[in-house]
Amino acid sequence: MEHLKALGIKFVMVAVALFIVLGFWGVPFAEILITSLILTAGAYLIGDLWVFPSFGNWTATLTDLGLAFAGIWILGALLFPGINLPLAAFVSAAVIAAGEYFFHKFMARKILNSNNRHVREEAQRA
């Protein structure tokens, strides 16, 4: 149940970031929600449940930056190709990554068990 709560928080964070940034380029709300859903699922599995506990917050944040950049660019080419995708993907990914840094702190304190060294260290710093 805690993972559903974390997924919900992450989805809202990603959707708001994309709405603000991609909305500037006139991307329709439906495409923003689809992109948010796909990015949230992929980044949660890879960045939050695998990279963060294994390698720490900064590595996971940089991984999330790369995943968001690539994901927005690829999905953008399919869903909203009429905009400056490299710039939109980079700005969106940077905003998402900034939020991810703090989301990982939340994950360390509330969601993940502290048997892992990186999670334990991050939970103590928060």
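A crossing of two helices is called right-handed if the near helix is turned clockwise from the far one by less than a right angle, and left-handed if it is turned anticlockwise. That wording comes up in several of the close-ups below, which are all taken from a predicted model.

**View 1. Helix 1 against helix 2.**
Helix 1 passes helix 2 in a right-handed crossing. From helix 1, the contact takes in His 3, Ala 6, Leu 7, Lys 10, Phe 11, Val 14, Ala 15, Leu 18, Phe 19, Leu 22 and Gly 23. Facing them from helix 2 are Phe 29, Ile 32, Leu 33, Thr 35, Ser 36, Leu 37, Leu 39, Thr 40, Ala 43, Tyr 44, Asp 48 and Leu 49. Sorted by class, that gives 16 nonpolar, five polar and two charged residues. As for geometry, the two axes are 8 Å apart and the packing angle is about 135°. Angles over 145 degrees would count as roughly antiparallel, so this pair goes down as oblique.

Is Lys 10 buried or exposed? Its relative accessibility is 0%, so it counts as buried. Leaving aside residues up to four places away in sequence, Lys 10 touches Thr 40, Ala 43, Tyr 44, Asp 48, Glu 100 and Phe 103. Two of these names, Asp 48 and Glu 100, return in the next view, where they join Lys 10 in a network of salt bridges.

How many salt bridges does the model have? The count comes to two. One of them pairs Asp 48 with Lys 10, and the closest N and O atoms are 2.7 Å apart. Asp 48 sits in helix 2 (residues 29–55) and Lys 10 in helix 1 (residues 2–24), so to speak a link between distant parts of the chain, 38 residues apart. Glu 100 and Lys 10 are both buried.

**View 2. Helix 2 against helix 4.**
The axes of helix 2 and helix 4 come within 11 Å and cross at roughly 55°. The roughly perpendicular class runs from 65 to 115 degrees and the roughly parallel one stays under 35, so the two helices are oblique to each other. Their crossing is right-handed. On the helix 2 side, look for Leu 39, Tyr 44, Gly 47, Asp 48, Leu 49 and Phe 52. They meet Ile 96, Glu 100, Phe 103, His 104, Met 107, Ala 108 and Ile 111 of helix 4. The tally for this contact is nine nonpolar, two polar and two charged residues.

**View 3. Helix 2 against helix 3.**
Helix 3 (residues 57–79) packs on helix 2 at an angle of about 155°, with the axes 9 Å apart. Which way do the two helices run relative to each other? An angle over 145 degrees counts as roughly antiparallel, so that is the description for helix 2 and helix 3. This crossing is right-handed. Helix 2 brings in Glu 31, Ile 34, Thr 35, Ile 38, Leu 39, Ala 43, Ile 46, Gly 47, Asp 48, Val 51, Phe 52 and Phe 55. Helix 3 answers with Asn 57, Thr 59, Ala 60, Thr 63, Asp 64, Leu 67, Ala 68, Gly 71, Ile 72, Leu 75 and Leu 79. Split by class, the contact has 14 nonpolar, six polar and three charged residues.

Ala 41 has its place in helix 2, and Ala 98 is found in helix 4. Ala 41 has a relative accessible area of 38%, so it is partly exposed. Ala 98 falls in the partly exposed class too, at 44%.

How values were computed. Residues are numbered from 1 along each chain as its sequence is written. This is a predicted model: local features need pLDDT of at least 70, side-chain atom pairs count only at pLDDT 80 or more; totals for chains, interfaces and linings use all residues. Side-chain values use heavy atoms; hydrogens and water are left out. A salt bridge is a side-chain nitrogen of Lys or Arg within 4 Å of a carboxyl oxygen of Asp or Glu. Helices (H or I, at least four residues) and strands (E, at least two) are DSSP runs, numbered from the N terminus. Buried means under 20% relative accessible area, exposed over 50%, partly exposed in between (1.4 Å probe, protein chains only). Axes are lines fitted to C-alpha atoms, for helices over the stretch in contact, and angles run from 0 to 180 degrees between N-to-C directions. Contact means heavy atoms within 4.5 Å. Ala, Val, Leu, Ile, Met, Phe, Trp, Tyr, Cys and Pro count as nonpolar, Asp, Glu, Lys and Arg as charged, and the others, Gly among them, as polar.
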